[in-house]
Amino acid sequence: QRLEQYVSVKDFGAKGDGVTDDTAAIQAAINSNQLIYLPKGKYRTTSSLIFDPQLNRNSGFLGQTPAAIYADQSQPGGPTWSGDEMPRIFYDGPVSTTTAVILASAEPVGTEVGNSFADSVFGFYLDNVFIDGNSKAGFGLYGIRLVKPYVKNIIVENTTQHGVYIDQTFSGALSVVRI
């Protein structure tokens, strides 16, 4: 029964092989408005993954939990860590300073968002995910008016503006965010 709480991006056709464009499959999973399980893999995307406040409530990504998350690439006498142990969302679309790999907002990056219930993203969830802007995306995670977000154990690399940009958040939790 616990597994009924989640859908997998694989259920929507995502490959996670680093070659296939998984954008449409992942967006279809997002649009199912459920918590989405991301198994280990490299999910190539060519446009923003959009969490729309009108469509998405209490949804987001739960990545496969790695055995350990190391702050550095290796430990003396211990295992090395490359980030490949986590699901990686890899942006490979057009170069743009206003593109977000994950967009949780009623409006595009840099556009004023209204101040209403309809403009708020409720229950945004992101756990154990590696976001790679590939030096093409301006933002890894861009969120405006997030109500009760839960963002934990994420890594954001290779963005040209901000790894994580969150404005107007209401309660929620942010922890172990590595940029």
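## Contacts of Ile102

Leaving aside neighbours within four places in sequence, Ile102 is in contact with Leu49, Phe51, Phe61, Ile89, Phe124, Leu126, Ile131, Gly140, Leu141 and Tyr142. This description concerns a predicted model. Across the sheet, Ile102 stands opposite Leu141 in β11. Strand β8 (residues 96-104) and strand β11 (residues 137-144) run parallel and are joined by 5 bridges.

## Nonpolar cores

Ile102 also belongs to the largest nonpolar core, which has 29 residues; Phe61, Ile102, Phe124 and Leu126 touch the most other members. At least two residues of this core come from each of α1, β3, β5, β7, β8, β10, β11 and β13. The element that gives the most is α1, with 4 residues.

In soluble globular proteins, nonpolar side chains tend to be buried together.

## Overall composition and confidence

The chain has 15 strands and 1 helix. Of its 179 residues, 46% are buried. Among contacts with a separation of 6 or more, residues 24 or more positions apart account for 66%. The chain exposes about 8400 Å², and carbon and sulfur atoms supply 50% of that area.

Mean confidence for the chain is a pLDDT of 87, and 85% of the residues score at least 70. The highest confidence is found in strand β4 (residues 42-45), at 97, and the lowest in strand β15 (residues 173-178), at a mean of 73. Where pLDDT is low, the predicted coordinates should not be read in detail.

## The open sheet

Four of the strands form an open sheet in the order β5-β8-β11-β14, with parallel pairing. Its edge strands are β5 (49-51) and β14 (162-167), each of which pairs on one side only. From one strand to the next, the twist averages 40°.

## Strand β10 and its partners

Strand β10 (residues 125-132) is largely enclosed by the rest of the structure, because 7 of its 8 residues are buried. Strand β6 (residues 60-63) runs parallel to β10 and is joined to it by 3 bridges. Strand β7 (residues 88-91) is likewise parallel to β10, with 3 bridges joining the two. The pairing of β10 with strand β13 (residues 150-157) is also parallel and extends over 7 bridges.

Individual residue pairs locate these pairings. Asp127 in β10 has Leu62 opposite it, and Asp127 also stands opposite Lys152 in β13. The bridge partner of Ile89 in β10 is Ile131. Ile89 and Ile131 are both among the contacts of Ile102.

In a regular strand the side chains alternate between the two faces of the sheet.

## Helix α1

The buried residues of α1 are Thr23, Ala25, Ile26, Gln27, Ala29 and Ile30. These buried residues pack against β2 (17-21), β3, β4, β5 and β6. Just after the helix, Asn33 takes a positive phi of about 60°.

Gln27 lies in helix α1 (residues 23-31). Gln27 counts as buried because its relative accessible area is 17%, and the cut-off for buried is under 20%. Not counting residues up to four places away in sequence, Gln27 touches Ser48, Leu49 and Ile50. Leu49 is also one of the contacts of Ile102.

## The loop between β3 and β4

Is Lys40 buried, partly exposed or exposed? Lys40 is placed in the loop between β3 (35-38) and β4. Its relative accessibility is 48%, so Lys40 counts as partly exposed; the exposed class begins over 50%. Although Lys40 and Asn128 are 88 residues apart along the chain, their C-alpha atoms are separated by 10.0 Å.

Definitions and conventions
Residues are numbered from 1 along each chain as its sequence is written. This is a predicted model: local features need pLDDT of at least 70, side-chain atom pairs count only at pLDDT 80 or more; totals for chains, interfaces and linings use all residues. Side-chain values use heavy atoms; hydrogens and water are left out. pLDDT is the predictor's confidence in each residue, from 0 to 100. Buried means under 20% relative accessible area, exposed over 50%, partly exposed in between (1.4 Å probe, protein chains only). Contact means heavy atoms within 4.5 Å. Two strands pair if DSSP finds at least two bridges between them. Accessible areas come from the Shrake-Rupley method with a 1.4 Å probe; for residues, only the protein chains shown count as cover. Axes are lines fitted to C-alpha atoms, for helices over the stretch in contact, and angles run from 0 to 180 degrees between N-to-C directions. A nonpolar core is a set of buried Ala, Val, Leu, Ile, Met, Phe, Trp, Tyr and Cys residues joined through side-chain atoms within 4.5 Å.
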